[in-house]
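The sequence and model come first.

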Amino acid sequence: EIPAAGWRQLLQLAQSRNMLAVPASSAGDPAVEPLPRFSHTGYTAFYFRLLHPHGLLCRLNKYLGWLYSRAAALTLVAVILLAEAVVALQAAPLIAVTRATIQHHPWPVLALFFTLLYGSLVIHEAAHGLTCAQYGGEVSDMGIMLRYLALFPYCKLNDLLVIPNRVHRAAIVLAGPVASLIVMLPFVVVYLTVPEGSIWKPVSALMLTVYNILSLMNLIPFLQLDGYFLLSTWLGRPQLREEANKFFLSGIGVRRTASREGSVTKADRPFYFAYGLISTLITTAFIGWGIFCWHQMLSRFTTPLKAWLAIAMILLSVTALWTLIRRRQQSGARDTESSGRLHIVSKEDI
């Protein structure tokens with residue numbers, strides 16, 4: 001079952017690819033409605049569209065197209081692996097500098113680090129779009145997304161669905177994480193060469209530890225990150241996580257579904273059950289780790305007990321909001337179904 005937001009995106013994609021008949025304007029041209037400046041997905045993600053980047057990305061590809069050659073790709077992979085090996089060898093001093101920086105939280109260092117972090121997120125999303133344009137897709141939407149009370153850049157890749165080559169689809173998804181790891185590379189040299197006392201020493205340590213870990217976590221295929229989209233795209237199962245989680249929860253009796261086995265073939269059931277199990281465990285651990293980090297941060301400004309109370313209030317508020325939204329959605333679905341039944345009855349009466 002495809003949600004309403006999914007249908008809207010699918011219809012927008014079909015219209016942008018001239019796959020739908022649209023009414024002509026007075027000038028004789030198709031009356032294509034422009035993408036809205038503001039949009040949202042449910043109640044968790046809100047988008048502010050800044051630009052239509054396709055033309056810019058195509059121009060950049062004229063100069064950066066060589067990056068997609070086999071030789072360039074293998075060279076980048078080798079350099080990234082070498083950098084990760086250096087980070088592993090320097091793990092102890094890097095962790096010591098990072099821990100001292102976080103404990104003393106010098107604001108100039110943290111401000112510079114977060115500036116680099118958000119700049120790398122822009123590069124990450126632009127790499128997705130650049131690779132999509134390289135392989136024949138159109139990138140029509142790029143801007144800022146508000147999700148989980150935080151701002152992030154985004155690049156919508158609707159044309160990922162219509163690119164026939166599976167390797168090209170995988171490359172589009174992988175382009176973002178690879179770009180993030182490339183951003184990390186100069187800081188290996190910076191950390192090893194700058195003298196003690198320089199602001200770049202703790203900044204580079206943060207980039208090689210915190211930023212590096214976040215970039216690698218993006219490849220985990222059991223969270224809704226690039227690693228998951230890589231796996232689901234490669235397997236040709238865009239709803240893999242949702243379907244596997246439903247199958248697993250219904251299999252252990254936590255969730256009741258009328259046709260639990262109907263949508264999953266007998267050969268796929270072990271895979272779906274295993275993926276749903278691992279996904280549930282890792283997601284739970286990830287949420288627990290996030291709560292622990294929030295508690296550690298809040299404890300610096302108040303007592304540990306008050307920090308737990310603040311987190312509990314936030315979780316209760318989110319749960320109440322989610323319950324309210326779910327009830328409204330179910331009520332709206334029932335109203336739509338009822339109106340449809342009334343419409344059918346009235347036609348039969350006529």
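## Aromatic pairs and cores

Phe 248 is buried, at 6% relative accessibility, where buried means under 20% relative accessible area, exposed over 50% and partly exposed in between, with a 1.4 Å probe and protein chains only. The model is predicted: local features need pLDDT of at least 70 and side-chain atom pairs count only at pLDDT 80 or more, while totals for chains, interfaces and linings use all residues. Residues are numbered from 1 along each chain as its sequence is written, and side-chain values use heavy atoms, with hydrogens and water left out.

The structure holds nine aromatic pairs. Rings of Phe, Tyr and Trp (its six-membered ring) pair if their centres lie within 6.5 Å; planes under 30 degrees apart are stacked, over 60 edge-to-face and the rest tilted. Two of these pairs are edge-to-face:

| Pair | Centre to centre | Angle between planes |
|---|---|---|
| Phe 248 and Phe 273 | 5.2 Å | 65 degrees |
| Phe 271 and Tyr 272 | 6.0 Å | 80 degrees |

Phe 248 lies in helix α9 (residues 240-251) and Phe 273 in helix α10 (residues 269-298), so their pair ties together parts 25 residues apart in sequence. Helices here are DSSP runs of H or I with at least four residues, numbered from the N terminus. Phe 273 is partly exposed at 34% relative accessible area. Phe 271 is also partly exposed, at 33%, whereas Tyr 272 is buried at 5%. One aromatic cluster is made up of Phe 222, Phe 271, Tyr 272 and Tyr 275.

A nonpolar core is a set of buried Ala, Val, Leu, Ile, Met, Phe, Trp, Tyr and Cys residues joined through side-chain atoms within 4.5 Å. The largest one has 21 residues, of which Leu 94, Met 184, Met 207, Leu 208 and Tyr 211 touch the most other members. Helices α3 (70-89), α5 (107-134), α6 (166-193) and α7 (200-217) each give two or more residues to this core, and α6 gives the largest share, seven residues.

Beyond four places in sequence, Met 207 touches Phe 113, Leu 116, Val 183, Met 184, Phe 187 and Asn 212; contact means heavy atoms within 4.5 Å. A second, separate core of twelve residues includes Ala 133, Val 139, Leu 157 and Val 173.

Ser 232 sits in helix α8 (residues 226-235) and is buried, with 3% relative accessible area. Leaving aside neighbours within four places in sequence, Ser 232 contacts Arg 237, Pro 238 and Leu 240.
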